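Let's take a walk through this model together, one contact at a time. Have the structure open and follow along.

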Amino acid sequence: MNRPETLLRPRVPSPLQEVRDDRFGRRGITLLLKRDDLIHPDLPGNKWRKLALNLEAAAGRTVLTFGGAYSNHLRATAAAGRLLGFATIGVVRGDELAHRPLNPSLARCAADGMRLHFVDRTTYRAKASPEVLEGLLSLFGDVEVIPEGGSNALAAQGCAALGQELHGLTDVAAVACGTGGTLAGLAAGLDAGQRALGVPVLRGGFLGEAVTALQREAFGGPAGDWALDERFTFGGYARTTPELNAFAADFEDRHGLPVERVYVAKLLFALVALAEEVAFAPGTRVSAVITGTPGTPGPQESSVSR
């Protein structure tokens, strides 16, 4: 298989757009949007960056990966399989789903050729264990296994380019976090004097350890200046509140940008709150990584479990 970027022609570097927002401007802060959502129509944002090196390593073999019923990662992997001509298998959390009509997200995966394999939630929680992996390999044969959310060493290395694209252009690069791969790579790719901020969208307090482990595996140890602010989960993955929805609608009205609710809305809300707390000094350039635009809505269901 040719290199994925040769066939898919991603738009990199992604555009960096300044938006004039008085909530930042009156404090002397410049808000920039790193439009990773424009990289590719089927593999937007961090999905492209996290998958590219993994797909290159798979070299055309069947890719097996994991996700919940509304997983963006599963949809991106299935789309890549369709576009690049390799087989995909999605291990989906919730064996009860096998006997129901496919929701729009899983139906899209199936339409793109992904074979869906449903497992019970106990098995899914143990998906990284040798026993579960050996069972999957015995069932499906020679496959390339990519973890849930696509976050592994290759994903972090792929996301380092995101930080490199921001050299000299920002002081703080902020991104919403699910499994930590994007933040691990973003921080590693930034230049000296720049820092990365991660805004987790899941509760649990596990992400710091996950990012540290990913950086150790990908780069041999800590890389870059990064921190987490875990106050903006709004109840957990894919959960929203009237306050968050109203904020996102207002941001859309102000700037004409559709705001994805699972990740991007929480990131932007956090940045506004931090600006109001005077967390950024006057003159600071803050870049928000826009990892996706609104897609198939899902219920309050996590595609990243813990």
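This is a predicted model: local features need pLDDT of at least 70, side-chain atom pairs count only at pLDDT 80 or more; totals for chains, interfaces and linings use all residues.

**Salt bridges, a helix and a ring cluster**

How accessible are its two partners? R231 is partly exposed, because its relative accessibility is 49%, and E277 is partly exposed too, with a relative accessible area of 44%. Elsewhere, salt bridges that share partners join D21, D22, R23, R26, D250 and R254 into one network.

R26 is exposed, with a relative accessible area of 54%, whereas D22 counts as partly exposed at 44% relative accessibility. In total, the structure holds 22 salt bridges.

Now compare a pair in another setting. R49 forms a salt bridge with D36, and their closest N and O atoms are 2.6 Å apart. R49 lies in helix α3 and D36 in the loop between β2 (30-34) and α3, so the pair ties together parts that are 13 residues apart in sequence. Are these two partners buried or exposed? Both R49 and D36 are buried.

Helix α3 covers residues 46-58, which makes 13 residues, and reaches 19 Å from its first C-alpha to its last, close to the 18 Å expected at 1.5 Å a residue. The helix bends by about 35° at A52. Because 10 of its 13 residues are buried, α3 is largely enclosed by the rest of the structure; among the buried ones are W48, L51, A52 and L55. After α3 comes A59, whose phi is positive, near 50°.

Finally, turn to the rings. The structure holds 5 aromatic pairs. One of them, F234 with F269, is edge-to-face, with 4.9 Å centre to centre and 90° between the planes. This pair links distant parts of the chain, 35 residues apart: F234 is in the loop between β9 (226-228) and α11 (242-255), and F269 is in helix α12 (residues 264-276). F234 and F269 are both buried. Ring pairs also link F232, F234, F247, F251 and F269 into a cluster. One more ring is worth a visit: R93 lies over the face of Y124, at 5.3 Å from the ring centre.

Terms used:
Residues are numbered from 1 along each chain as its sequence is written. Side-chain values use heavy atoms; hydrogens and water are left out. Helices (H or I, at least four residues) and strands (E, at least two) are DSSP runs, numbered from the N terminus. The expected span of a helix is 1.5 Å times one less than its number of residues. The bend at a residue is the angle between axes fitted to the seven residues ending there and the seven starting there. Buried means under 20% relative accessible area, exposed over 50%, partly exposed in between (1.4 Å probe, protein chains only). Rings of Phe, Tyr and Trp (its six-membered ring) pair if their centres lie within 6.5 Å; planes under 30 degrees apart count as stacked, over 60 as edge-to-face and the rest as tilted. A charge sits over a ring if NZ of Lys or CZ of Arg is within 6 Å of the ring centre and within 35 degrees of the ring normal. A salt bridge is a side-chain nitrogen of Lys or Arg within 4 Å of a carboxyl oxygen of Asp or Glu.
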